[in-house]
Amino acid sequence: MSRENFVLMTVGGLTLDPVTKTPIVILRDPDNKLNLPIWVGLLEATSMATEIEGIPMTRPMTHDLLKTIVGQLGAVVDWIEISDLKENTYFAQIYLRSGENQLIIDSRPSDAISLALRTKSPIYVAKTVLEASSKLQQGDPQQDQNLSTVSRDKWAEILEKMSPDDFKYKM
């Protein structure tokens with residue numbers, strides 16, 4: 001499969017929206033030039049955080065269970081894709097391989113990212129998604145700010161200036 005329309009990204013960190021206290025996962029490219037913030041639910045953020053920090057759980061969380069089921073069925077997660085942004089909602093797919101068969105499973109990005117973290121699978125983001133999410137209206141419809149190149153240190157400052165109505169992303 002051609003990767004020319006996708007950018008390989010990793011989880012750069014988790015933060016909280018200072019206004020709504022909603023968790024945000026930040027995806028970044030290997031050169032740390034592009035960032036993609038995705039607002040996620042508290043349970044999904046917790047799942048990501050425990051995996052990132054290597055915190056062992058006494059019982060399997062949902063994404064641990066999913067990883068176990070995939071493995072027990074003889075499949076592997078080849079990669080995940082954040083493939084689209086429609087009506088302020090991100091879309092993702094999980095690419096599974098079982099023998100000669102490839103399965104493409106529709107997923108919320110937060111679930112796909114949590115599974116990718118556990119399976120050490122690559123995370124790809126469509127360039128069209130990065131382009132669509134990189135523009136934030138700043139009052140004047142003619143004035144756009146490209147947020148895909150903003151450093152992580154500037155995110156808190158940017159988010160503090162925004163109102164809840166400015167957030168374009170649904171969970």
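From the N terminus on, the elements of the chain follow the order β-β-β-α-α-β-β-β-α-β-α-β-β-α. The secondary structure comes to five helices and nine strands. Helices (H or I, at least four residues) and strands (E, at least two) are DSSP runs, numbered from the N terminus. The model is predicted: local features need pLDDT of at least 70, side-chain atom pairs count only at pLDDT 80 or more, and totals for chains, interfaces and linings use all residues. Residues are numbered from 1 along each chain as its sequence is written, and side-chain values use heavy atoms, with hydrogens and water left out.

The chain has 171 residues, of which 42% count as buried. Buried means under 20% relative accessible area, exposed over 50%, and partly exposed in between (1.4 Å probe, protein chains only). Among contacts between residues at least 6 apart in sequence, 53% join residues at least 24 apart. Contact here means heavy atoms within 4.5 Å.

Helix H2 (residues 62–72) packs with helix H3 (residues 109–119) at an angle of about 60°. Their axes are 9 Å apart. Axes are lines fitted to C-alpha atoms, for helices over the stretch in contact, and angles run from 0 to 180 degrees between N-to-C directions. H2 passes H3 in a right-handed crossing. A crossing is right-handed if the near helix is turned clockwise from the far one by less than a right angle, and left-handed if anticlockwise. On the H2 side, the contact involves His-63, Asp-64, Leu-66 and Lys-67. On the H3 side, Asp-111, Ser-114, Leu-115, Arg-118 and Thr-119 take part. The residues of this contact divide into two nonpolar, three polar and four charged. Ala, Val, Leu, Ile, Met, Phe, Trp, Tyr, Cys and Pro count as nonpolar, Asp, Glu, Lys and Arg as charged, and the others, Gly among them, as polar.

H3 is mostly covered, with 10 of its 11 residues buried. Among them are Pro-109, Ile-113, Leu-117 and Arg-118. Asp-111 also belongs to H3 and is buried. Its side chain joins that of Arg-108 in a polar contact of 2.9 Å. A polar contact is a pair of N or O atoms within 3.5 Å; within protein, one must be able to donate a hydrogen and the other to accept it, and residues adjacent in sequence count only if both atoms are side-chain atoms. Not counting residues up to four places away in sequence, Asp-111 touches Glu-44 and His-63. Just after H3, Lys-120 takes a positive phi of about 55°.

Asp-84 is found in strand S4 (residues 76–86). Asp-84 is partly exposed, with a relative accessible area of 26%. Leaving aside neighbours within four places in sequence, Asp-84 is in contact with Thr-89, Tyr-90, Phe-91 and Val-129. The C-alpha atoms of Asp-84 and Ala-132 are separated by 9.1 Å, although the two residues are 48 apart along the chain.

Lys-127 lies in helix H4 (residues 127–133). Lys-127 counts as partly exposed because its relative accessible area is 38%. The side chain of Lys-127 reaches the backbone oxygen of Glu-4 at 2.8 Å. Beyond neighbours within four places in sequence, Lys-127 is in contact with Glu-4, Asn-5, Phe-6 and Val-7. Lys-127 and Ile-82 are 45 residues apart in sequence and 9.6 Å apart in space, C-alpha to C-alpha.
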